[in-house]
Structures are given as C-alpha cells and as structure tokens.
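User: I have a structure open and would like to go through it with you. Could you start with the terms you will be using?

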Amino acid sequence: MQPSNFPTTPFLFAQGFTFPPEAGYPLESHQATYYMLETHYNYPDYTYDFSPFYRKNLSKQQRNMGVKSREPQPAEDSDPLAAASTEHGEDGEQDDGDDSIAMEQQMVDNSGLKLYYTRKLRQHDAGVLSVGLDPNWRHIIPPRQEKVVSQGHCIGACTQHAFPRDGINIFAVMSRTHLIGRQVTLRQMRGNAELPPIMRDTNIDPSYQDYRRLTVPTRVLPGDSLVAECIYDSSSRKSITLGGMTTREEICLILTLYYPRQRELTSCHSLPSLPTVLHSLGIEELASSVSYFTGC
C-alpha cells in the first residue's frame, strides 16, 4: 500500500456543483498553466458506427461483452458472396454511403465546463482525496457470483502522516465502479471502533458520475482509517473480471472533496500482494527463472 501525491482535479458533471461557502478549489497559476478536460462517451447498445475503423472492431467488442447487434444478420442459408456485395462496393471497399454523412451530422457535442471563480479567497482551500483499490489486474472478481465484496484501505498510518492536527472535513463524495458494480460504501475507523459510514450508495449507476454534497461534513482525524467497499454482481460474466480502467474491467474508487487542503496525500489506494493473488489462483510455486518488475 503506497499513498501518492499526484495532482488530482475534481470531476464536475451533470447540473453542476457548488462548493460550501467556507471552501473553494484553488486554481494556482504558479503550479499549473493549463487544465485538460477529458471526456468519455458511452453508448449502451455498442452499435453506433463512428467510422469503418470502429465498425471493424465492433463485432469483437460485442462478443466479449455478450451484446447482440441491432443490425440484421444474414440468414444461415444465404449466399455469403451476396451478403458481402451488400456491405462492400464492387471494388471491395466498404461503402458507408449516406449513412456515414448522416452520423457525422448527428455528432454534435456542446459539453464543457463553466467555472465561477473569484479573487476574494474563501477561508479554506479544498482538496481531493481518492480512496479505494488501485486499478490493477490484481483486483480479481470471480464470475457467476451475485455478490462479490472488494475493499480498498487507506490505513491510519497514512492519514496520521498526511492530515493536519485537527483533521480534514469531507463535504462531498463521488463513487466509481464500472458495469457490474452494485453498492459502494465509504467506512471510517477510529481506534478499535467503526464510526457511521461517510457515504453509502445501494443503487450504483456507472453512467452517473457526480459529486454529492453531504448533509453535514464528516471530520476525519489523523490516524483514522478509511475503507472503500464495493459490492459487485458478476452473475452475468462467464470469466473473471480484472481491475483496470476500461469499461470491461472494474474499479473501486471513492473521490472525496474536503477542506482544509493538505499536500501530502491525494490518492490512498491499496492492492492485494502478488503472493496473495497467486495463492488465490492456486499457484503455490513459480519457476526460478521468473523475474519481477519492482518499479522504476
């Protein structure tokens, strides 16, 4: 488990997000000259054709995810040459015709960000703290299970080192899983006692990614432990699901907005050790020639 201090910026979606009057997110010109907006598009039926390149890879993606195409398929006894002539021109090139032009005309994106800022600084700078499992293949979810629980730990030693003496105040959270995530809880431990959960979402929608304001900010003190707990339903999967950033893979992350900002810790993720993963897969011994990558 290694805390990191990579810079993180909040994800602002939906109808917008308003910070509490006592805090604001700092836009530090001496630290960053440019800010990048990264947009992810989601088409649930996976049949929208962007270009011949995407069409070429679409059937493979559909097979991997078990999604049936809405396009009519040729009958089993049909002539394959006739089917090919329908899809391609006489010279063998794919003929998108007017469909591609119509699709390009439909691709209108007016999304973006509208930021309201002021030179009159608020009492506290806000920060972002990510808690959960590091998106990595060692996060393994078995198939055909209605309930699989995964946990990512931010241990007390990390918060003890990073947090100010009076602690931090979490005022908003955003939970993130992918397609088979069903529930997410952010748990708080202090000493030998578990406090009420900071957040709990029992109806996860992976397409809804937005910060949610807490009714009352939650104080997290140095030495407190935070646990991101995700529950998955893999009953529709025929093979194991690995952790990762693609939609077919899974993640377990909770992004928190808090104040006052500290600079020591922005990502506090845990990950099963390699021996633990190998043991869970029934691998007891590796060949002596196997080498490990231990980092840069």
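Predicted model: local features only at pLDDT ≥ 70, side-chain atom pairs only at ≥ 80, totals over all residues.

User: Let's begin with the cysteines. How many disulfides are found in the whole structure?

Analyst: The search finds two disulfides. One joins C154 to C268, with an S to S distance of 2.3 Å. That pair links distant parts of the chain, since C154 is in strand β6 and C268 in strand β14, 114 residues apart.

User: Is C268 buried or exposed?

Analyst: C268 has 0% relative accessibility, so C268 counts as buried. The value for C154 is also 0%, which places C154 among the buried residues.

User: What is the handedness of the link between C154 and C268?

Analyst: The link of C154 and C268 is right-handed, with 90 degrees about the S-S bond.

User: And which residues does the other disulfide join?

Analyst: It joins C230 to C252, at an S to S distance of 2.0 Å. The torsion about their S-S bond is about 90 degrees, so the disulfide is right-handed.

User: What pattern do the disulfides follow along the chain?

Analyst: Counting bonded cysteines along the chain, the pattern is 1-4, 2-3.

User: Changing topic to the strands. What is the order of the open sheet?

Analyst: The four strands of the open sheet are ordered β6-β11-β8-β9, and their pairing is antiparallel. β6 (148-154) and β9 (193-201) stand at the edges with a single partner strand each, so one side of each has no neighbour in the sheet. On average, neighbouring strands of this sheet are turned by 20 degrees against each other, direction ignored.

User: How many bridges hold β6 to β11?

Analyst: Seven bridges join β6 to β11 (residues 225-232), and the two strands run antiparallel. Within this pairing, V149 has I231 in β11 as its bridge partner.

User: Now β4: how many of its residues are buried?

Analyst: Seven of the seven residues of β4 (residues 127-133) are buried, so the strand is largely enclosed by the rest of the structure.

User: Which strands does β4 pair with?

Analyst: With β13 (residues 252-259), β4 runs antiparallel and is joined by seven bridges. G127 stands opposite Y258 in β13. With β14 (residues 267-270), β4 pairs in the parallel sense over four bridges. Here S130 has S267 in β14 as its bridge partner.

User: On to charges. How many salt bridges are found?

Analyst: The whole structure has four salt bridges. R187, E194 and E229 are linked in a network of them. E194 meets R187 at 2.8 Å, N to O, and the closest N and O atoms of R187 and E229 are 2.9 Å apart. R187 lies in strand β8 (residues 181-190) and E229 in strand β11, so the pair ties together parts that are 42 residues apart in sequence.

User: Which of those side chains are buried, and which partly exposed?

Analyst: R187 is buried, with a relative accessible area of 18%. E229 is buried at 16%. E194 counts as partly exposed at 43%.

User: Which residue does D201 form a salt bridge with?

Analyst: D201 forms a salt bridge with R212, the closest N and O atoms being 3.0 Å apart. D201 lies in strand β9 and R212 in strand β10 (residues 212-220), so parts 11 residues apart in sequence are tied together. D201 is buried, with a relative accessible area of 8%, whereas R212 is partly exposed at 36%.

User: One last point. Which residues make the nonpolar surface patch?

Analyst: L27, Y35, L37, L113, L115 and Y117 make the patch, which covers about 700 Å². Y35 is placed in the loop between β2 (23-24) and α1 (52-65). Y35 is partly exposed, with a relative accessible area of 48%.

Terms used
Residues numbered from 1 in each chain as written. Heavy atoms only, no water. Patch = residues over 30% accessible without salt bridge, like charges linked within 9 Å, V, L, I, M, F, W, Y side chains within 5 Å. Areas by Shrake-Rupley, 256 points an atom, 1.4 Å probe, with all protein chains shown as cover. Salt bridge = Lys/Arg side-chain N within 4 Å of Asp/Glu carboxyl O. Buried < 20%, exposed > 50% of the residue type's maximum accessible area, 1.4 Å probe, protein only. Pairing = 2+ DSSP bridges. Axes fitted to C-alpha atoms, helices over the stretch in contact; angles between N-to-C directions. Disulfide = S-S within 2.5 Å.
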